[in-house]
Each structure stands twice: as C-alpha cells, then as structure tokens.
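Here is a short tour of a few spots worth a look.

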Amino acid sequence: MTSEVTTVQTRDMLVGKYDKKALLKSPYNLWFNPNYENYKPSAATLSELKKHTGGVTVTVFMGTWCEDSQHRVPEFYNVLDAIGFDTEKVTLIMVDKLKTTPENFEAGLDITNVPTFIFYKNGKELHRIVESYMESAEKDMLKILSGQPYKHAYQD
C-alpha cells in the first residue's frame with residue numbers, strides 16, 4: 001500500500017528547470033488554477049511594487065508535492081502578472097522531497113524549505129522568502145525590492 005502512494009507521488013512530481021506553463025497542465029493545474037484565481041492582492045501595494053522591479057530577477061525553488069508550494073507559487077505568479085513582470089526573468093526550479101535536482105541547481109544556495117523565492121537585483125541576491133509569506137506575497141516582495149527591513153520565516 002505504501003509503495004503505491006510513493007509511486008503516485010513520484011509520477012506526479014516534476015524535478016528540474018521548468019516554467020509556469022508546466023504548472024498549467026494536469027495534474028498541477030488542479031491546485032495551481034484555483035490558488036492563482038482566488039488570490040486577491042492589494043491594489044495599492046501592487047502599484048508601489050511595480051516601481052521597484054527594474055533589474056530584478058527571481059529564482060523559485062518549489063516542490064509540486066509540497067502544500068506550501070501549491071499555495072504560495074500561484075499567489076506569487078498572480079502578483080507578477082498583476083504588475084506586468086516579465087516571467088522570462090523568473091527561473092522556476094522543481095525539487096524532489098530532499099530539495100535536490102539531478103542538475104544540482106540548488107548547490108550553494110542553502111535551500112532548506114520550499115517554496116524559496118530568491119530575489120536578485122543586477123545579479124546580486126537582495127533577500128529571499130522562505131516557505132511562507134510574513135504578511136502577503138505582494139507586501140513581502142515590496143519590502144524586499146524597496147530595501148525595507150525584512151526577515152523570512154527561518155531567519156534569526
């Protein structure tokens with residue numbers, strides 16, 4: 001019985017570098033679409049956030065098997081779409097349950113929890129959101145991109 005569950009989870013797990021389109025296909029769209037559509041970001045925060053996206057790229061580590069990823073990643077993409085952020089500037093990396101990839105995309109990046117959103121400006125890491133938002137997707141992103149003090153959920 002246990003091996004059947006593992007087989008199903010493994011079959012439904014993406015591992016490696018993908019883009020958002022992979023999440024729009026079955027079975028991932030079963031959680032991606034409703035979590036994307038049900039997220040209602042603050043219009044005022046979005047307006048401010050849009051001013052701080054120049055030179056920004058984002059690397060996202062997530063697990064298609066991870067409940068936090070299934071909620072946070074669609075919300076993240078909802079915010080990006082709302083501000084017209086070029087999703088070509090987002091690198092989406094799917095990890096296995098050990099938070100690894102065959103290509104070692106995670107090497108040296110201290111990925112302990114997923115999802116992890118790493119924000120870069122002109123190639124330099126600004127900060128990261130780890131596993132959950134402290135306030136909301138757009139408010140956490142605004143704090144990071146505007147240089148305000150920010151601590152992620154696992155930071156001392």
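## Thr101 and its neighbours

Setting aside anything within four places in sequence, Thr101 is in contact (heavy atoms within 4.5 Å) with Val15, Gly16, Ile93, Met94, Val95 and Glu106. With Glu106 there is also a side-chain to side-chain polar contact of 2.8 Å. For that label, a pair of N or O atoms must lie within 3.5 Å; within protein, one must be able to donate a hydrogen and the other to accept it, and residues adjacent in sequence count only if both atoms are side-chain atoms.

Thr101 sits in the loop between strand 3 (90–94) and strand 4 (116–121). Helices (H or I, at least four residues) and strands (E, at least two) are DSSP runs, numbered from the N terminus. Thr101 counts as buried because its relative accessibility is 5%, the cut-offs being under 20% relative accessible area for buried, over 50% for exposed and partly exposed in between (1.4 Å probe, protein chains only).

## What you're looking at

This is a predicted model, where local features need pLDDT of at least 70 and side-chain atom pairs count only at pLDDT 80 or more, while totals for chains, interfaces and linings use all residues. Residues are numbered from 1 along each chain as its sequence is written, and side-chain values use heavy atoms, with hydrogens and water left out.

## Met62 in strand 2

Over in strand 2 you'll find Met62, which is buried, at 0% relative accessible area. Not counting residues up to four places away in sequence, Met62 touches Leu23, Trp31, Ser69, Val73, Leu92, Ile93, Met94, Val95, Val114 and Pro115. Its C-alpha atom is 9.8 Å from that of Lys97, 35 residues apart along the chain.

## Helix 3 meets helix 5

Helix 3 (residues 29–37) packs on helix 5 (residues 67–83) at about 50°, the axes being 8 Å apart. Axes are lines fitted to C-alpha atoms, for helices over the stretch in contact, and angles run from 0 to 180 degrees between N-to-C directions. That makes helix 3 oblique to helix 5; under 35 degrees would be roughly parallel, over 145 roughly antiparallel, 65 to 115 roughly perpendicular, and the rest is oblique.

Helix 3 brings Trp31, Phe32, Asn35 and Tyr36 to the contact, and helix 5 answers with residues including His71, Pro74 and Tyr77.

## Helix 6

Helix 6 (residues 137–145) is largely enclosed by the rest of the structure, because 7 of its 9 residues are buried. Those buried residues pack against helix 4 (43–49), strand 2 (56–62), helix 5, strand 4 and strand 5 (124–130).
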